[in-house]
Protein chains: 2
Amino acid sequence: MNEKIVIIGAGNVATHLAKALIKEGNDVCQIYSRSIESARELGIKTGVNYTNNLEEIYSNADIYLFSVSDSAIEQILKNISFEKNPLLIHTAGSISKDIFKDYSNNYGVLYPLQTFTKKRLIDFRDIPICIEASNPESLEIVKRISSGISESVYIMGIEKRVYLHLAAVFACNFTNYMYSIAEKIMQQKDISFDIIKPLIKETAAKIEDLSPAKAQTGPAVRNDKEVIFKHKELLESNPDLQKLYTFVSNSIIKQSLREINNTDKTE
Amino acid sequence: MNEKIVIIGAGNVATHLAKALIKEGNDVCQIYSRSIESARELGIKTGVNYTNNLEEIYSNADIYLFSVSDSAIEQILKNISFEKNPLLIHTAGSISKDIFKDYSNNYGVLYPLQTFTKKRLIDFRDIPICIEASNPESLEIVKRISSGISESVYIMGIEKRVYLHLAAVFACNFTNYMYSIAEKIMQQKDISFDIIKPLIKETAAKIEDLSPAKAQTGPAVRNDKEVIFKHKELLESNPDLQKLYTFVSNSIIKQSLREINNTDKTE
């Protein structure tokens with residue numbers, strides 16, 4: 001029941017996952033990271049043994065949880081001579097579980113759908129986790145561990161998971177990039193970023209009860225050519241941003257015209 | 001003290017503003033909208049006289065609050081023969097207050113920085129309002145009315161306001177568009193949009209304590225070429241989205257490389 005877990009990685013995801021697992025009483029026995037600073041930081045924070053030496057990774061653990069950049073997994077796998085037939089798990093949205101198939105019969109995926117930043121506290125209970133595994137026994141273990149830390153566990157194969165990851169890039173990474181552009185524009189004009197925070201909060205809160213496709217506001221969805229023209233003028237000195245503004249505005253205009261043609265749009 | 005206010009417009013902003021003003025005891029005496037349905041809907045909801053006939057707009061009110069599409073303001077102005085020298089106000093981010101200068105000596109702007117959707121309840125108290133006016137007396141009135149409905153009132157001229165509006169387009173309109181792309185991708189793969197809502201919420205919540213430039217996560221900021229390549233493949237059947245994905249990813253990569261070169265970036 002209480003398997004020995006080695007965590008490979010000490011980045012954002014590994015850090016939050018390690019803390020949540022330990023909090024729920026799991027036996028995390030070692031942390032490996034290529035960077036000794038990261039390994040030490042997480043090791044000390046959690047009171048767990050740590051190393052940055054591939055050769056020192058325990059070979060007799062029950063579970064290895066890989067939370068490293070996608071290309072690093074295979075390289076690390078080659079360097080561990082597993083004594084048992086351990087359960088190998090990764091946390092990546094876009095990698096097949098089969099990356100493990102030459103190293104054990106027992107493997108799976110535990111993909112937490114969230115944006116992790118080391119310094120920010122997060123309640124893992126609210127984070128959806130998508131899981132799959134190579135056999136029913138492994139799935140049972142991945143499910144038990146996931147359900148221990150989160151209230152929303154979904155069984156989902158790679159065919160769907162890659163699209164979920166892609167959707168997350170738009171909804172989270174690209175969204176945050178839009179925030180950072182807003183921040184830069186405001187900084188340049190000496191406007192406090194605080195003024196725009198209620199707007200950002202409400203934009204995200206809206207989608208709780210409204211489909212984003214219905215919640216679209218702004219000059220592009222109104223096809224307000226005057227404002228769009230003015231905004232492009234303001235971005236004259238930054239051709240990259242001007243191009244991005246034009247491209248996204250045109251996409252919104254195109255999409256809203258399509259909707260008007262497809263449906264009897266009320267309101 | 002209790003000026004008679006005519007509201008021109010019955011769209012998203014006008015609707016929320018009318019409700020907030022009436023709630024705070026302001027004397028809203030008439031609502032005009034080009035569309036009789038919209039005028040009636042808001043008129044009935046608020047118990048205020050309404051019309052869609054330009055000739056019926058009261059000519060003797062103290063304040064006219066224009067919340068119509070930017071190009072409509074001038075056309076409507078020409079059709080009202082004001083008896084007094086009323087206070088003319090608009091609510092637009094990107095229009096100068098001077099649009100009113102041929103019609104009265106008293107005019108100004110009351111720009112609420114928020115995304116409004118008719119059916120959604122919003123607490124106006126949390127909404128930042130940016131104001132300016134043609135003279136100190138008018139500014140006093142705009143300030144009093146704004147402070148009555150909101151706790152954050154900023155005096156801000158057009159030079160800054162246009163950039164704030166531009167920043168809002170990125171932070172709100174473009175962000176919501178990113179949500180709608182995620183929704184579409186998930187719909188096509190039969191994945192419930194609910195799974196991604198905690199991620200969207202956390203992405204917005206993060207900026208309360210972290211600069212978005214520091215909060216960036218995802219394949220692009222890691223310059224994870226394998227995942228980016230896979231995602232582009234998944235978007236093969238939708239060249240527009242593929243182009244958008246590539247463009248935004250490249251911008252994030254470029255920006256993060258610039259930061260690495262500019263500063264000693266400590267994680």
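The questions below cover the chain symmetry, a helix contact and a strand pair.

This is a predicted model, in which local features need pLDDT of at least 70, side-chain atom pairs count only at pLDDT 80 or more, and totals for chains, interfaces and linings use all residues. Residues are numbered from 1 along each chain as its sequence is written, chains are lettered from A and ligands numbered from 1 in the order in which they are written, and side-chain values use heavy atoms, without hydrogens and water.

Q: By what turn can chain B be laid on chain A?
A: The copies are superposed by least squares on C-alpha atoms of residues with pLDDT of at least 70 in both. The RMSD is 0.0 Å, with a shift of 0.0 Å along the axis. The two copies are thus related as by a two-fold rotation axis. The turn is 180°.

Q: Which residues of H5(B) does H8(A) meet?
A: Contact means heavy atoms within 4.5 Å. On the H8(A) side, the residues are Val227(A), His231(A) and Leu234(A). Their partners in H5(B) are Val162(B), Tyr163(B), His165(B), Leu166(B) and Val169(B).

Q: Which residue of S2(A) stands opposite Ile5(A)?
A: Strand S1 of chain A (residues 4-8) and S2(A) run parallel, joined by 5 bridges. Opposite Ile5(A) stands Val28(A).

Terms used. Helix = DSSP H or I, 4+ residues; strand = E, 2+ residues; numbered from the N terminus. Pairing = 2+ DSSP bridges.
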